[in-house]
Amino acid sequence: MIHFKAEIERFGSMGEKTGWSYVFIPAALANEIKPACKKSFRVKGKIDELEVNGMAVIPMGEGDFIIALKGEVRKKLKKEAGAGGRILFRGRSGF
């Protein structure tokens, strides 16, 4: 299990990702969740007290990843870009 604090960020102008809200996962943390993985994978765990299951972790290059936070998730968290949160993830296999 990986525990960390993160801030919800939002892409400005970023092609198809423009306007997406996300949590950034640096390469070192991503490697702890799923070692040596360079492609998208799924995780389960918690963001604050909200249980999440099967959320996609998307590669951004150089080993860094993001987790996109849909409006539904942000609404349940009652948070938008700029808000911080506590993250606990376990990698998922078999997706």
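Which side chain makes a polar contact with the side chain of Lys-79?

1. Lys-79. The partner is Asp-48, at 2.5 Å. A polar contact is a pair of N or O atoms within 3.5 Å; within protein, one must be able to donate a hydrogen and the other to accept it, and residues adjacent in sequence count only if both atoms are side-chain atoms. Lys-79 sits in the loop between α2 (71–77) and β6 (84–91).

2. Basis. This is a predicted model: local features need pLDDT of at least 70, side-chain atom pairs count only at pLDDT 80 or more, and totals for chains, interfaces and linings use all residues. Numbering starts from 1 along each chain as its sequence is written, and side-chain values use heavy atoms, leaving out hydrogens and water.

3. Layout. The protein has two helices and six strands. Along the sequence they follow the pattern β-β-α-β-β-β-α-β. Helices (H or I, at least four residues) and strands (E, at least two) are DSSP runs, numbered from the N terminus.

4. Aromatic pair. Rings of Phe, Tyr and Trp (its six-membered ring) pair if their centres lie within 6.5 Å; planes under 30 degrees apart count as stacked, over 60 as edge-to-face and the rest as tilted. The count comes to three aromatic pairs. Phe-11 and Tyr-22 form a stacked one, 4.2 Å centre to centre with 20° between the planes. Phe-11 lies in the loop between β1 (2–10) and β2 (21–25) and Tyr-22 in strand β2, so the pair ties together parts 11 residues apart in sequence.

5. Extent. The C-alpha trace spans about 30 × 30 × 20 Å along its principal axes.
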